[in-house]
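Hi everyone, thanks for making time for this.

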Amino acid sequence: MKTLLPALFALVVVSGCQAPPRTLYYWGNYPAVTYLAYTQPDKFTPSVQVDKLLEDIHQAAAAQARVNPGLHAHLGYLYAQLGQTDLARKEFEAEKELFPESAPFIDHLLNPGKKL
Amino acid sequence: MRNGPCALLVPVLLAMAGCVTPPPAKDYTEFNRSHPRSILVLPPINESTDVNASYSLLSCTTRPLAELGYYVLPVAMVDGYLKENGLTVPAEMHQAPLAKLREVFGADAVLYITIEKYGSKYQILATTTFVYARARMVDGRTGTTIWEGQVQIANAGDSSSSLQEALLKAILSQVLNKVTDQAHQVASMAAYQLLTTPGQGLPNGPLQPEIATAK
């Protein structure tokens, strides 16, 4: 047990150094949300996920960083599940504006007659 | 260091590190010809017995790909869309006609991943967590294979870690296993290693600022 304490401390130091030197995007809850929504669906309901992703958007803005690709789209998808279609549409448009590469999928979803 | 569990671990870790010889750099001719901007990652086919494996690894793919400079279609939303359209399991999704995927998602490239092993093996000195996967990326229009890769990680002692780091992780692995999802952490490392290892993973993509401005 005596050897474990310095090891614990060293691990904290080591893991602190593992962060990539710079990132293109702010990475908050999105990766974890997309995992936990599957493994703990009772806890990570759509409305809980919405809160987590809104937190990401605020944190990214505060850090003057860009949100990661897919965040606004996923948020829109959650709003659609919650029946908040206006908010869903707004988030889909936000994804498209930030990442024009998303346009084919987003347009496919926004196309009238196509159900999400 | 006193003789103890640590002294036993050193030769084991040295042996593990010694086994890994880097393969020669890949040929990126087809990849560069295809020059994808956007990537559709389909939920991985899971050959392991852990039901969480597919979505664990899937959720770990967005960050490395996006940081390399690619647009990654929202993985959970893609999965939801495919399920709502009758493709209920990854094996069915992987069989979807490329033209149909192209029509709906408009991705320049499609990434197909198969998980071969996923999970933890409990032993006396340390718990070993395995994530083995292979992957293939195809051009979204032609279906030509533009990249292939594989990754095999056992525990946290992968080849890129320093010995000291690997040793610390081995010591603490059983402690960590009690409080965290070790396999998911290893899956995250596996995704990074698979997709970003220089000469093996994908090259930087067009959304990297220095590449965008160089054009």
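Let me start with a term: two residues are in contact if their C-beta atoms, placed from the backbone, lie within 7 Å. With that in hand, take chain B: among its contacts between residues at least 6 apart in sequence, 72% join residues at least 24 apart. For chain A, residues 24 or more positions apart account for 46% of the contacts with a separation of 6 or more.

Some housekeeping, please. This is a predicted model, in which local features need pLDDT of at least 70 and side-chain atom pairs count only at pLDDT 80 or more, while totals for chains, interfaces and linings use all residues. Residues are numbered from 1 along each chain as its sequence is written, and chains are lettered from A and ligands numbered from 1 in the order in which they are written.

How confident is the predictor in chain A? On pLDDT, the predictor's confidence in each residue from 0 to 100, chain A has a mean of 84, and 78% of its residues reach 70 or more. Residues 8-20 of chain A are a stretch to treat with care: the pLDDT there is below 50, and beyond near neighbours in sequence the stretch has five contacts in the model.

Now the overall make-up. Helices (H or I, at least four residues) and strands (E, at least two) are DSSP runs, numbered from the N terminus. Chain A has six helices and zero strands, whereas chain B has 10 helices and six strands.

I'll also be talking about burial. A residue is buried if 20 or more other C-beta atoms lie within 10 Å of its own, exposed if 12 or fewer, and partly exposed in between, with the C-beta atoms placed from the backbone. By that count, 31% of the 116 residues of chain A are buried, and in chain B the buried share is 42% of 215 residues.

How many of the residues of H4(A) are buried? The count is 10 of its 11, so H4(A) is mostly covered. The buried ones include A:Leu71, A:His74, A:Leu78 and A:Tyr79. They pack against H2, H3, H5 and helix H6 (103-110) of chain A, together with H5 of chain B.

Angles under 35 degrees count as roughly parallel, over 145 as roughly antiparallel, 65 to 115 as roughly perpendicular and the rest as oblique.

The axes of H4 (residues 71-81) and H5 (residues 85-98) of chain A come within 7 Å and cross at roughly 165°. H4(A) and H5(A) are therefore roughly antiparallel to each other. On the H4(A) side, the residues in contact include A:Leu75 and A:Tyr79, and on the H5(A) side they include A:Leu87, A:Glu91 and A:Phe92. By class, this contact has nine nonpolar, three polar and two charged residues. In that scheme Ala, Val, Leu, Ile, Met, Phe, Trp, Tyr, Cys and Pro count as nonpolar, Asp, Glu, Lys and Arg as charged, and the others, Gly among them, as polar.

Now across to chain B. H4(A) and helix H5 (residues 75-84) of chain B pack at about 45°, with their axes 8 Å apart. That makes H4(A) oblique to H5(B). A:Ala73, A:His74 and A:Tyr77 of H4(A) meet B:Ala76, B:Met77 and B:Gly80 of H5(B). Those residues divide into four nonpolar, two polar and no charged.

Helix H2 (residues 30-39) of chain A is worth a look too. Its buried residues include A:Tyr30, A:Val33 and A:Tyr35, and their cover includes H3 and H4 of chain A as well as H3, H5 and H9 of chain B.

Last, two backbone details. Where is A:Gln64? A:Gln64 sits in the loop between H3 and H4 of chain A, and its phi is near 55°, a positive value in a residue other than glycine. A:Gln64 is exposed, with 7 other C-beta atoms within 10 Å. In chain B, B:His35 has a positive phi of about 50° although it is not a glycine. B:His35 lies in the loop between helix H2 (29-34) and strand E1 (38-41), and B:His35 is exposed, with 12 other C-beta atoms within 10 Å.

Key: Axes are lines fitted to C-alpha atoms, for helices over the stretch in contact, and angles run from 0 to 180 degrees between N-to-C directions.
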